[in-house]
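Please read the following notes alongside the sequence and the coordinates.

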Amino acid sequence: MNDAWHEVNKEPPQMSITMEHSGTTEIGSSRRRKEDAHLITGQTVWTDNIRLPGMVHLAFKRSPMAHARVRGLDVSPALGRPGVLAAYAAADLAADTINLPCAWPVTPDMVHPDHHPLAPDEVRHVGDPVAVVVAADRFAAADAVEAIEVEFDPLPAVVDMEAAVADGAPLVHGDAGTNACYRWPFATGDYQAARRAADVVVSRRYVNQRLIASAMEPRSVVVVPTPATGEFTVYSATQVPHILRLMLCQLCGIPEHKLRVVAPDVGGGFGSKLDVYAEEVVALLVARELGVPVKYTETRSEGCQTTVQGRDQIQRIEVAARRDGTLLGLKVDLLADMGAYLQLVTPGIPVLGAFMYPGIYKMDAYSFDCTGVFTTKTPTDAYRGAGRPEATFAIERVMDDLAAELGMDPIELRRKNWIAHEEFPYTTIAGLTYDSGNYEAATGKALRMFGYDELRAEQRQRRDRDDPVQLGIGVSTYTEMCGLAPSRVLGSLSYGAGGWEAATVRVLPTGKVEVVTGISPHGQGHETGFSQVVADTLGVPFEDIEIIHGDTRSAPQGMDTYGSRSLVVGGVAVYQAARRVRDKARRIAAHLLEANPDDVEFADGTFRVKGAPGPATTMAEVALATFTAHNLPDGVEPSLFAECVFDPENFSFPHGTHLCAAEVDTETGRVTIRRYVAVDDCGTVVNPLLVEGQVVGGIAEAIGQALYEHAVYDADGNLLTGTFADYLVPGAPDLPAIDTGLTQTPATSNPLGVKGVGEAGTIGGTPCVVNAIVDALRPYDVTDVPMPATPQTVWRAIQQAKTVGTH
């Protein structure tokens with residue numbers, strides 16, 4: 001770590017979070033989302049809805065093998081098919097000279113293999129594209145792809161991470177000489193000394209299985225060239241229009257001012273659209289080559305095969321403690337599957353999680369060692385939570401296992417070791433400074449809502465009567481680091497971009513307000529939440545505010561949406577810009593009122609002289625006076641515009657307590673979630689309805705990982721779960737009722753006091769559910785149930801424990 005890391009993690013200054021606003025109470029109100037009227041009625045623009053004169057369509061020839069040399073490739077047979085306009089291999093588009101970007105080289109010696117948009121000579125996962133067909137419609141293109149002739153020489157598949165790093169393993173990238181992408185060690189304190197001092201050491205091996213993001217809208221891209229000017233407009237279902245623009249310019253040699261990227265309404269992302277994909281690059285290359293609009297929309301099976309996947313980590317965890325439950329140290333040895341290539345932030349995901357394994361707990365020593373591993377599978381990258389769910393899963397699972405070893409209630413063990421509310425700000429053993437928190441309040445509220453004591457009593461009764469349906473209670477007291485920032489810390493971690501965000505606020509002559517944000521939503525409700533912040537700051541009606549986003553021409557500055565940074569970084573930028581507008585409006589209002597600006601107060605959308613019953617002026621009247629410019633103070637420009645680029649001083653650290661009661665049928669292995677309670681603390685709450693939606697949606701994904709979802713590959717590297725008939729995404733009937741609650745401990749690192757919440761449910765939920773299942777089965781000597789905990793998996797765990805017990 002360089003000095004920037006340590007500098008930012010010193011005790012932060014206590015920032016004021018008081019807001020001068022109009023006197024209205026938009027912040028804290030459960031406003032219904034203003035976006036929903038057009039989103040849920042289909043009166044909107046998705047990328048695949050775009051229809052343009054002369055538009056052509058792309059389809060890709062993809063490898064049916066996980067690993068093979070391309071011995072021969074002939075695209076010419078496709079050219080005779082109906083509707084086909086062109087067909088290209090890598091060299092035909094110079095795609096063999098382009099490498100897709102990885103923006104996070106976590107170590108100086110990290111292995112970073114070539115990754116071309118079209119594979120020229122070797123394929124390394126099923127679905128790796130080798131050629132592209134251009135046709136008048138997507139169906140003609142898909143049909144013509146079948147005519148392309150490819151000869152493959154099979155090479156050994158590399159599927160198992162542990163086998164991949166063993167001596168003599170076949171190599172994914174032969175010239176690398178290893179399947180290890182990097183090794184990233186990190187340690188503070190003396191873990192071995194902590195282990196020697198311990199009365200109890202608990203060691204476990206947990207697996208976070210590979211997941212498919214499964215956003216509602218598949219990936220899609222449309223590229224519109226303007227040959228006369230050399231300009232291109234790229235429409236993409238992406239989370240990162242600004243990053244995509246920069247990367248496409250650099251990859252394809254297009255001047256940045258000649259490329260515009262638009263993210264229309266985007267139907268979900270969950271990290272899978274936080275990337276620069278081969279198909280986007282190829283679409284741009286083809287549009288430049290042909291001079292006509294080009295579209296590609298993936299099929300669902302293509303999405304399962306080629307959109308980045310999540311998780312896929314093997315965690316060896318060891319915790320050392322005293323007999324009274326005091327934690328002394330934690331050791332983590334991690335294998336993280338990179339897949340076949342490095343996508344935009346692939347290697348950084350487990351590194352991001354490294355700082356979260358200690359969770360909310362105090363200890364003397366921490367040792368972390370991660371090895372990134374190449375396999376012949378689809379690349380991994382960010383998936384909701386991005387490294388933090390994996391870390392939280394490990395620490396919350398092992399805390400329950402330690403509690404069982406010590407004969408302690410898991411809540412009591414956590415209480416003994418967590419950071420007390422009066423200890424904040426607190427610098428953890430991993431080096432992060434948590435600015436604020438109150439784990440006691442969140443846990444206490446969750447226990448009351450859950451009926452913890454009553455459920456424990458029922459559990460004892462079921463155990464006493466040897467009920468075949470056992471009751472388990474799962475606990476997860478999580479925290480996370482989110483609001484990906486500050487820029488100098490990201491730089492110390494070798495991340496290739498900053499963590500700032502930009503906003504512009506404009507009050508129009510009629511008093512209406514336009515807000516331009518670099519944040520790019522894909523379902524979170526930004527237009528509603530940001531409007532509430534601006535309404536309270538400027539004293540204008542919520543309905544009079546328009547949020548402009550997702551277009552690099554209208555919003556030229558931005559770092560986009562991921563890592564629960566939308567409100568914590570982007571929303572604070574909006575708030576600061578609105579404050580600057582209000583401050584300028586105060587100067588103009590004071591001039592109109594013939595008063596000193598310091599004597600003018602603002603409330604209920606109106607400026608008036610303090611303590612004087614006389615004249616007043618509204619924000620709308622000030623806006624019109626600014627537009628006419630007939631009577632402005634000397635030196636004041638006739639505009640009510642302001643910009644802000646906000647770079648936070650620290651991450652934000654939301655937290656919460658999730659509790660799950662699960663009934664487990666020991667005869668069939670079936671798991672039924674009977675009760676789920678989530679109490680989350682995301683600081684100041686702008687809109688409780690938006691928070692609830694984010695939490696519940698996150699928990700749905702957590703339950704999906706715990707009980708249903710698994711991207712399964714066979715020994716030859718074939719994806720066996722390439723459709724939704726095989727890859728089980730839970731629907732509404734599969735999910736329990738979820739009771740949510742909030743506590744509010746404002747952040748001290750930003751003037752709104754807000755913390756992120758978009759990933760909270762996913763981070764806290766998975767260990768909560770698995771802990772409940774294992775807790776139900778502890779009388780059967782079951783200490784782990786692999787995810788997903790399907791009936792068959794649970795039943796096998798019971799049988800295996802019985803077999804071990806007979807020896």
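1. This is a predicted model, in which local features need pLDDT of at least 70 and side-chain atom pairs count only at pLDDT 80 or more, while totals for chains, interfaces and linings use all residues. Residues are numbered from 1 along each chain as its sequence is written, and side-chain values use heavy atoms, with hydrogens and water left out.

2. Asp92 lies in the loop between strand S3 (84-89) and strand S4 (122-123); helices (H or I, at least four residues) and strands (E, at least two) are DSSP runs, numbered from the N terminus. Together with Asp96, Asp114, Asp121, Asp175 and Glu289, Asp92 forms a negative surface patch. Such patches are made of residues with over 30% relative accessible area and no salt bridge, like charges being joined within 9 Å and nonpolar side chains (Val, Leu, Ile, Met, Phe, Trp, Tyr) within 5 Å.

3. A search of the whole structure for disulfides, meaning pairs of cysteine sulfur atoms within 2.5 Å, finds zero. Cys660 is in no disulfide, and its nearest cysteine sulfur, that of Cys768, is 5.0 Å away, which is too far for a bond. Cys660 is buried, with a relative accessible area of 0%, and Cys768 is likewise buried, with a value of 0%.

4. How many salt bridges does the structure hold? There are 49, a salt bridge being a side-chain nitrogen of Lys or Arg within 4 Å of a carboxyl oxygen of Asp or Glu. Arg62, Arg219, Glu279, Glu298 and Glu302 are linked in a network of such bridges.

5. Arg195 forms a salt bridge with Glu318, with the closest N and O atoms 2.6 Å apart. Because Arg195 lies in helix H6 (residues 191-197) and Glu318 in strand S13 (residues 309-321), the pair ties together parts that are 123 residues apart in sequence. Arg195 is partly exposed at 35% relative accessibility, whereas Glu318 is buried at 14%.

6. Glu423 pairs with Lys362 in a salt bridge whose closest N and O atoms are 3.0 Å apart. Glu423 lies in the loop between helix H12 (410-417) and strand S16 (426-427), and Lys362 in the loop between helix H10 (348-354) and strand S15 (365-374), so this pair ties together parts that are 61 residues apart in sequence. Glu423 is partly exposed at 29%, as is Lys362 at 25%.

7. Within helix H12, Glu412 and Arg415 are three residues apart and thus separated by about one helical turn; they form a salt bridge with closest N and O atoms 2.6 Å apart.

8. The bond joining Phe424 and Pro425 is cis, with omega about -5°, and Pro425 lies in the loop between H12 and S16. The bond from Met787 to Pro788 is also cis, with omega near -5°, and Pro788 is found in the loop between helix H20 (760-777) and helix H21 (791-805).

9. In strand S13, Arg311 has a positive phi near 65° and is buried at 5% relative accessibility. Asp312, which also lies in strand S13, has a positive phi of about 65° and is buried at 9%.

How values were computed
Buried means under 20% relative accessible area, exposed over 50%, partly exposed in between (1.4 Å probe, protein chains only). Accessible areas come from the Shrake-Rupley method with a 1.4 Å probe; for residues, only the protein chains shown count as cover. Lys and Arg count as positive and Asp and Glu as negative; His and the chain ends are not counted. The place of a charge is taken as NZ of Lys, CZ of Arg, CG of Asp or CD of Glu.
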